[in-house]
Every structure is written in C-alpha cells, then in structure tokens.
Amino acid sequence: MHYIFLILALILNSVAILGYDIYGKITNNENEAIANVQVKLIYEAIREIERLELIAKSGPQGEFFFKNVRPGTHHIIANKTGWEIYERKITIGWEENEKQ
C-alpha cells in the first residue's frame with residue numbers, strides 16, 4: 001500500500017476578509033512528490049447550506065493551492081487510485097479568544 005503525506009502552509013491575505021491562501025505539497029513516505037492527486041477541502045458548516053467544497057489537483061511537483069479559504073474547521077482529503085486516502089480535520093484561522 002502506498003501512503004500519501006501532506007505539507008501545508010497557510011498565508012493570510014492582506015485583507016483578512018478575503019480569507020487564507022493554502023499552499024500544499026503531496027509526497028510519499030520517501031518525500032518524493034506525487035502528481036495528479038485530487039485534494040478536497042470541505043468547510044465544516046453548522047448549516048448544510050453553508051457547506052463549501054473546494055477541489056484541486058496536485059501538479060508535477062506535488063504542489064496544490066486553494067485561494068481565499070474562509071477561517072474555520074475544514075476536512076482535507078487527498079486521494080489517488082492505488083494510494084491510501086489521506087484525511088484530516090484542520091482549523092484555519094484563529095480561535096475566538098485570540099481575536100481580542
């Protein structure tokens with residue numbers, strides 16, 4: 001079985017209202033890039049109507065990008081045929097008590 005690993009970097013846009021840009025890289029357990037991996041970022045909304053699903057595909061160097069992602073809890077899922085599915089819950093942004 002092949003395993004997928006994810007490296008993420010969050011960058012806050014200059015205007016916080018726009019959200020965060022997320023850059024990532026898909027690698028195997030030997031830190032080699034994996035191309036053509038489908039990456040989904042699913043916003044965990046309180047109401048179903050607010051649910052948002054973004055989809056990207058990793059490039060030749062394993063890189064992928066999501067732009068203007070809203071703060072909050074998200075599920076990130078990386079999937080490629082023949083590889084084990086990578087799925088994690090991540091929080092983007094700050095905690096309520098850190099805003100003060």
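Start with tyrosine 23. Its relative accessibility is 38%, so tyrosine 23 counts as partly exposed. The cut-offs explain the label: buried means under 20%, exposed means over 50%, and partly exposed lies in between. The model behind these values is a predicted one. Phenylalanine 65 is also partly exposed, at a relative accessible area of 34%.

These two residues belong together. A search of the whole structure finds two aromatic pairs. Tyrosine 23 and phenylalanine 65 form a tilted aromatic pair, 4.6 Å centre to centre, with 40° between the planes. Tyrosine 23 lies in strand β2 (residues 20-27) and phenylalanine 65 in strand β5 (residues 63-69), so the pair ties together parts that are 42 residues apart in sequence.

Are phenylalanine 64 and phenylalanine 66 buried or exposed? Phenylalanine 64 is buried, with a relative accessible area of 3%. Phenylalanine 66 is buried too, with a relative accessible area of 3%.

What does phenylalanine 66 touch, leaving aside its neighbours within four places in sequence? Its contacts include Tyr20, Asp21 and Ile22. Val39, Lys40 and Leu41 are among them as well.

Next comes the core. The largest nonpolar core has 17 residues. Those with the most contacts inside it are Ile26, Val39, Leu41, Phe64, Phe66 and Ile76. Strands β2, β3, β5, β6 and β7 each supply at least two residues of this core. In soluble globular proteins, nonpolar side chains tend to be buried together.

Step back to the whole chain. It has zero helices and seven strands. Read along the sequence, the pattern is β-β-β-β-β-β-β. Buried residues make up 33% of the 100 residues in the chain. Among contacts between residues at least 6 apart, 53% join residues at least 24 apart.

The C-alpha atoms of valine 37 and lysine 80 are separated by 5.1 Å, although the two residues are 43 apart along the chain. Valine 37 is found in the loop between β2 and β3. Valine 37 is buried, with a relative accessible area of 0%.

Strand β6 (residues 72-79) and strand β7 (residues 86-92) pair in the antiparallel sense over seven bridges. Which residue in β7 is the bridge partner of threonine 73? The partner is threonine 91. Six residues lie between the strands of this hairpin, where glycine 82 takes a positive phi near 90°.

The charged end of arginine 88 sits over the ring of tyrosine 86, 4.7 Å from its centre. The charged end of arginine 70 sits over the ring of tyrosine 43, 4.5 Å from its centre.

Note on methods: Residues are numbered from 1 along each chain as its sequence is written. This is a predicted model: local features need pLDDT of at least 70, side-chain atom pairs count only at pLDDT 80 or more; totals for chains, interfaces and linings use all residues. Side-chain values use heavy atoms; hydrogens and water are left out. Rings of Phe, Tyr and Trp (its six-membered ring) pair if their centres lie within 6.5 Å; planes under 30 degrees apart count as stacked, over 60 as edge-to-face and the rest as tilted. Helices (H or I, at least four residues) and strands (E, at least two) are DSSP runs, numbered from the N terminus. Buried means under 20% relative accessible area, exposed over 50%, partly exposed in between (1.4 Å probe, protein chains only). A charge sits over a ring if NZ of Lys or CZ of Arg is within 6 Å of the ring centre and within 35 degrees of the ring normal. Two strands pair if DSSP finds at least two bridges between them. Contact means heavy atoms within 4.5 Å. A nonpolar core is a set of buried Ala, Val, Leu, Ile, Met, Phe, Trp, Tyr and Cys residues joined through side-chain atoms within 4.5 Å.
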